[in-house]
Amino acid sequence: MSILIQNIRLPFDEPEAAAIQQALRKCGLAAGDGAAGVHRVSIDARRGKPCRVYSVRVDGLPDEEAFAERLQMPFVRFVPDTRPVPPRGIRELAHRPVVVGLGPAGLFAAYTLAQNGYAPIVLERGGDLDARDQAVEAFWAGGALDPECNIQFGEGGAGAYSDGKLTTRIGDPLCESVLETLRRHGAPADVCKKAKPHVGTDILKNVVRDMRRALIEAGGEVRFRCRMDGVSLRGGALRAILADGQEIACERAVIAVGHSARDTFFALHQNGVYLEPKAFSVGVRIEHLQSALDRALYGKYAGHPLLPPAEYNLSRRENGRACYSFCMCPGGVVVAAQSEQGTVVVNGMSYHARDGQNANAALAVSVDPTDFNDGTPFGGVALQRGIERAAFAQSGSYHAPCQRVGDFLADRPSTCCGEVKPTYPVGVAYGEAAKSLPAFAQRMLRDSLPAFGRKIRGFDAPDALLTGPETRTSAPVRMTRGDDLFGLKSAGLIPCGEGAGYAGGILSAAVDGIRAAYRIMEEFAPIEV
C-alpha cells in the first residue's frame, strides 16, 4: 500500500532528507514504517521568499487500519497502482503497421509497438538529428532553408529544438511511463520527481537518438527523408500509405505528423480524411535578462546556487480572449522556426543548463475558428501563413521583426535595442515586432503587458524585447476522432499527437502516441518479421 504526503514546505536550501522526516512526523510514522522517498518537488517563489514544496511517497505500510486512518488527513492521499498493462489482440496483421512522423507522438508509438513485437515501419519526412543539426545550423548561419529538414521536421519533431519541458495537465497514468522511458534512455533522473521537469535540447536529442536505436534493435525500421503524400483506400479501408513515390502496404497507420505538416493535412483531406478547424494562438517572443527576472521573483535570494533560473506562467482574459505566456525558456534563446520559404517564424529553446543571458517566452493571444472562417478546414493555416509571409515582407529577408517593449506600448517602431540584446540567430530587423499579427492580437498584447508588469516587476520594462511572429503554438486543424474509436478505425488511420489536434507539448504527445500504439495492439497480435 502506498500514500502521498503532500504540501511539505521547507526553505529552498534544506536537504531532501528533511522533507522526508517532516512528512513522516506529520503522519505519525516512524522511519521504518514503509519505504519513503520524494515523489515530486517544486519551487514556490511567490512574495520573494522561495521555498521547496514536496510530496513524499511512502510504500509498503504494514498496518491497514493505520493506513485507512491516515487517508482521512487532508494532506494525504492513496496512490493506486494504475500502471497500464499493454493489451494483446488476437487478429493477424497481414502487413507491418506504419507510423508517420518521428516527433514525440510518433516516436513513442513506434517505440511501444517495437518493444511489444509489432515491428513498425516509421516514415519521417526530415532527416535524422545529425542531418537536422547541419540543416538548421546552416540556415541560421545565412544559408538556404530546407523545407523538409528544419526545426519543425525531422527526427524528434519540433520538441527536439525546445526547452524540453515535460509538463502536462492531462493526468494520464502513462505520464509516469513516459518519464521513466526518457530516464532509461538518458534523461536526468530528476525528471521523474520534479513538478516541472525539463531536459533541454542538448540532452533531449541524445535521448531521442537512443530511443530510435532501441526501436530498431527491437525490430522496427526508420526511413528518413520519406514524406507521406497520401493514403490508398479500398472500400473505405486503408490499403497503403503513399510515400516517396511508392505504396507501403498496411492495414493500420499511426498519423503523427506534427502541427506544421500543412501539405500533409491537405493531402489527407483530399483522400477523404475529415479535418475541422481548431483554435490556436499567435503572438511574439518576449526576452528579459535572466538576472532581472531572478531578482523580480527571488528577491534577495537571486543568484543563489541552489535556486534554478526563475520562470513564470502568466495569463489574462478579456472579452472571451486570452493572452498568456507559453513555452517559457529560462536562460534560453529565440530561434528561427520556419518550415516554408519566404516566411518568418520564431520559437524558444533552452539547453539543459539554462545558463544563457536572456529568458524568453511566447506571449500568445488565442485565435478562435470564427476569426478565420473561410468555409474550409484550412482557414487557420491561411492565417498563419499570411502572418509569416507579412513578417518576411517587413524586411524582405529572414530577419525577424524586433521591437523594445517601451516602443511597442508607445506604438512607435524601434531603431535599436537597449539593455536586452536579441538572441534570434538569423538576425533581427528593428521596427514593429507584432505588425504582421491581426489587429485584435496587437491590442491584446498591448493591454496585457502592463497587467503582467503588475504581477512581475519589470516584465513590461522599456528595454524588454519583442521578436515576432510566433504562429506554431499548436495545430490549426483537428483530425476528428470518434468517441468510441481512437482513430478512423474503419479506414485504419489512427491520428495522434499535436498534428492531429489532440496534444500540446512533448509529454501529452508521447502519451497520445502510446495510446495510439495500444489501439493497434488491442486488436492485433504481434507479428513475425
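A cavity is a set of points, on a 1 Å grid over the protein atoms alone, where a 1.4 Å probe fits but cannot get out; lining residues have an atom within 4 Å of a point. Points are joined across faces, edges and corners, and a volume is the space filled by probe spheres set on them. By these terms, the structure holds two cavities of 30 Å³ or more.

The model is predicted: local features need pLDDT of at least 70, side-chain atom pairs count only at pLDDT 80 or more, and totals for chains, interfaces and linings use all residues. Residues are numbered from 1 along each chain as its sequence is written, and side-chain values use heavy atoms, without hydrogens and water.

| Cavity | Volume |
|---|---|
| Largest cavity | about 80 Å³ |
| Second largest cavity | about 60 Å³ |

Take the largest cavity. Its lining includes Gly103, Pro104, Leu107, Phe108, Leu204, Val208 and Ile506. Helices here are DSSP runs of H or I, at least four residues, numbered from the N terminus. H3 (104-115) and H6 (201-217) each supply at least two lining residues. H3 gives the largest share, three residues. By class, the lining has eight nonpolar, three polar and no charged residues. Ala, Val, Leu, Ile, Met, Phe, Trp, Tyr, Cys and Pro count as nonpolar, Asp, Glu, Lys and Arg as charged, and the others, Gly among them, as polar.

Now the second largest cavity. Ala135, Val136, Phe139, Trp140, Asp146 and Gln338 are among its lining residues. Helix H4 (residues 129-140) gives the most to this lining, with four residues. The class count is eight nonpolar, two polar and one charged.

Key. 1 Å grid on protein atoms, 1.4 Å probe; cavity = no way out; pocket = protein on both sides within 12 Å on 5 of 7 lines; lining within 4 Å.
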